Amino acid sequence: MYDFLLRTHTQKSFHEDMRKIFGEAPDTSGMIPKEREKHLIDSYRLRLKEIAPSRGGKPRVAHVPILYPCRDRTLYHLVYLTRHAKGLVVFMEESEKLDFVQRRVREQAKQQNREERTGQLEFQFHDNVKPEAQVDLKDVKDYWLNRLSTEPQLFGVEQLADMMEKTGLFESDFQAAFIEWTEHTWNPAVGCSKISPGCAHCYAEVMARRLKAMGVKGYENGFKLTLLPQRLEEPLERKQPTIYFVNSMSDLFHEQIPDSYIQDILSVIGRAPQHIFQILTKRAERMADFFQTQAPPHNAWLGVTVENREHGLPRLAHLRKISSCVRFVSAEPLLEDLGRINLAGIHWVIVGGESGPSARPMHPEWVLNIQRQCDARKIAFFFKQWGGWGPDGRKRSKKKNGRLLNGRIWDAVPMVA
């Protein structure tokens with residue numbers, strides 16, 4: 001269809017046909033080919049929405065371009081009109097799979113042409129085919145920032161469908177930019193003490209000792225719990241919307257941190273609505289008790305560590321008592337198969353293996369058990385890393401082991417209305 005429109009939309013003999021398709025004959029004079037293509041498809045999408053029946057929800061239109069196998073030009077555009085937000089999201093999810101297949105086919109066709117032209121065979125690993133035009137994650141992050149610039153928001157299917165329709169981006173593009181953006185920590189307290197097997201090889205303890213040896217301010221006491229009130233207002237000084245991980249070097253609900261100091265921290269969170277704050281604890285009972293008489297700020301995401309059955313799983317019941325906009329689970333380090341998990345009321349699950357010289361292994365079936373349960377309940381699943389042991393049971397650096405699970409990256413983030 002696109003080739004026909006491209007060849008005929010400027011011809012007078014087809015002006016009446018163009019009016020039926022677009023509502024008016026499109027004017028593309030002075031446009032370069034890419035601008036002309038975008039103008040035609042945008043005009044066609046707008047026309048589809050205008051003539052859609054009025055009953056039901058608002059009409060949405062999405063599309064994906066189908067390219068020639070060996071030429072860098074569009075063969076046709078696959079356009080989808082729907083009044084159901086979920087339908088548009090599913091269409092874009094399936095289109096992302098189609099996009100990967102299309103890129104693989106195009107790379108194979110180009111390789112075959114090169115071999116025929118040069119007479120030499122080429123050997124490539126097509127599972128690692130890279131996109132021909134990578135999405136600029138900066139553009140996607142800028143879009144996120146614009147959406148979050150006035151107040152923190154959580155996105156449901158309706159909002160996700162609107163974003164996909166407006167930008168033409170796949171869900172993984174938004175997720176990649178979102179995850180890349182969550183690299184800020186805020187430590188108004190440092191230091192902790194061990195309470196469960198997940199604490200055995202604490203990265204924060206090792207880091208605190210190194211920072212003390214280096215003379216870094218705030219770590220004069222090493223890993224002994226220390227309040228740092230001078231850091232309280234750091235997030236207020238940052239205007240750009242940011243996702244903060246709170247107390248990465250401690251536990252906000254440690255028994256030695258006074259309620260009044262926790263209240264000071266929550267007050268700062270409430271005064272910084274442009275940011276999102278992730279709070280993770282192993283002291284779930286104290287956190288639940290603390291929020292019995294007050295609700296957490298809307299921009300605070302609350303989570304618990306679940307490293308095993310005995311110590312980790314009971315924390316979920318305490319987490320569920322809290323009326324938080326996002327409740328998440330960090331199964332890191334995952335030390336055993338958790339079996340069947342009650343994930344009611346949970347929005348996000350993060351899984352990771354232990355790293356470091358004394359890392360304990362994590363078996364693939366343990367991770368897949370959690371992933372399948374998240375998938376069944378439509379819970380966002382994020383696989384962080386294998387850690388010091390690979391899925392093949394061999395010990396190596398966490399960088400070499402990577403974070404592929406079943407051949408793919410799992411970067412889901414919570415999009416909860």
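User: How do strands β6 and β7 pair in this model?

Analyst: Two strands pair if DSSP finds at least two bridges between them. Here β6 (residues 243-246) and β7 (residues 276-281) are joined in the parallel sense by four bridges. Strands are DSSP runs of E with at least two residues, helices are runs of H or I with at least four, and both are numbered from the N terminus. The model is predicted, so local features need pLDDT of at least 70 and side-chain atom pairs pLDDT 80 or more, while totals for chains, interfaces and linings use all residues. Residues count from 1 along each chain as its sequence is written, and side-chain values use heavy atoms, without hydrogens and water.

User: Which residue of β7 is the bridge partner of I243?

Analyst: That partner is I276.

User: In what order do the strands of the sheet lie?

Analyst: Seven strands with parallel pairing make an open sheet, ordered β3-β6-β7-β8-β9-β10-β11. At the edges, β3 (184-186) and β11 (380-385) each pair on one side only.

User: What lines the second largest cavity?

Analyst: Rolling a probe the size of a water molecule over the atoms shows where empty space is left. On a 1 Å grid over the protein atoms alone, a cavity is a set of points where a 1.4 Å probe fits but cannot get out, and lining residues have an atom within 4 Å of a point. In this case the lining includes V306, L316 and I370. It divides into nine nonpolar residues, no polar and no charged, where nonpolar means Ala, Val, Leu, Ile, Met, Phe, Trp, Tyr, Cys and Pro, charged means Asp, Glu, Lys and Arg, and the others, Gly among them, are polar.

Technical notes
1 Å grid on protein atoms, 1.4 Å probe; cavity = no way out; pocket = protein on both sides within 12 Å on 5 of 7 lines; lining within 4 Å.
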